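Q: I would like to learn how to read a few features of a model. Please give the general idea each time, then the case here.

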Amino acid sequence: MSPARTLRVRGQIPLTGTAKLPVDLEVTQRAMLLAALADGRSELLDAPRDSQLAPCALALRALGVPVTWSTGGIEIEGVTLDGLQMPTGALDCGRSWTTLALLTGLICAQRFGTRITVHAS
């Protein structure tokens, strides 16, 4: 185990800049659900077209949330917590256990019930 290192910045000029961080799929899934619960449009820039994100997007669409993929990422038109609609069938999470967990939390706050499925593989 290496000893902790300390970085000290001295001076009166604030440290500024930008950093491009790698995309994390689980963080993106959480951001998608938060965007769905928001009031208005959200853009998740640089979100990858990943097979783990597709079930989350499809489930949100089934709940009445407009989700579109663009060249820059994902656009979600939030409907607020009260704007979610009962889906006509089960919400399929594909192989994404994170989507299953997040949707379970989302649905438990609704006045309707639905089935949520996930593939065992």
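A: This is a predicted model, in which local features need pLDDT of at least 70, side-chain atom pairs count only at pLDDT 80 or more, and totals for chains, interfaces and linings use all residues. Residues are numbered from 1 along each chain as its sequence is written, and side-chain values use heavy atoms, with hydrogens and water left out.

Q: How many of the seven residues of strand 3 are buried?

A: Buried means under 20% relative accessible area, exposed over 50%, partly exposed in between (1.4 Å probe, protein chains only). Strands (E, at least two residues) and helices (H or I, at least four) are DSSP runs, numbered from the N terminus. Strand 3, residues 73-79, has five buried residues out of seven and is mostly covered.

Q: In which sense do strand 1 and strand 3 pair?

A: Two strands pair if DSSP finds at least two bridges between them. Strand 1 (residues 39-45) is antiparallel to strand 3, with seven bridges; D39 has V79 as its bridge partner. Strand 2 (residues 67-70) also runs antiparallel to strand 3, with four bridges, and S70 is partnered by G73. A hairpin of two residues links strand 2 to strand 3.

Q: How many disulfides does the structure hold?

A: A disulfide is a covalent bond between the sulfur atoms of two cysteines. The criterion is a pair of cysteine sulfur atoms within 2.5 Å. The structure holds zero disulfides. C56 is in none, and its nearest cysteine sulfur, that of C93, is 8.2 Å away. C56 counts as buried because its relative accessibility is 0%; C93 is likewise buried, at 0%.
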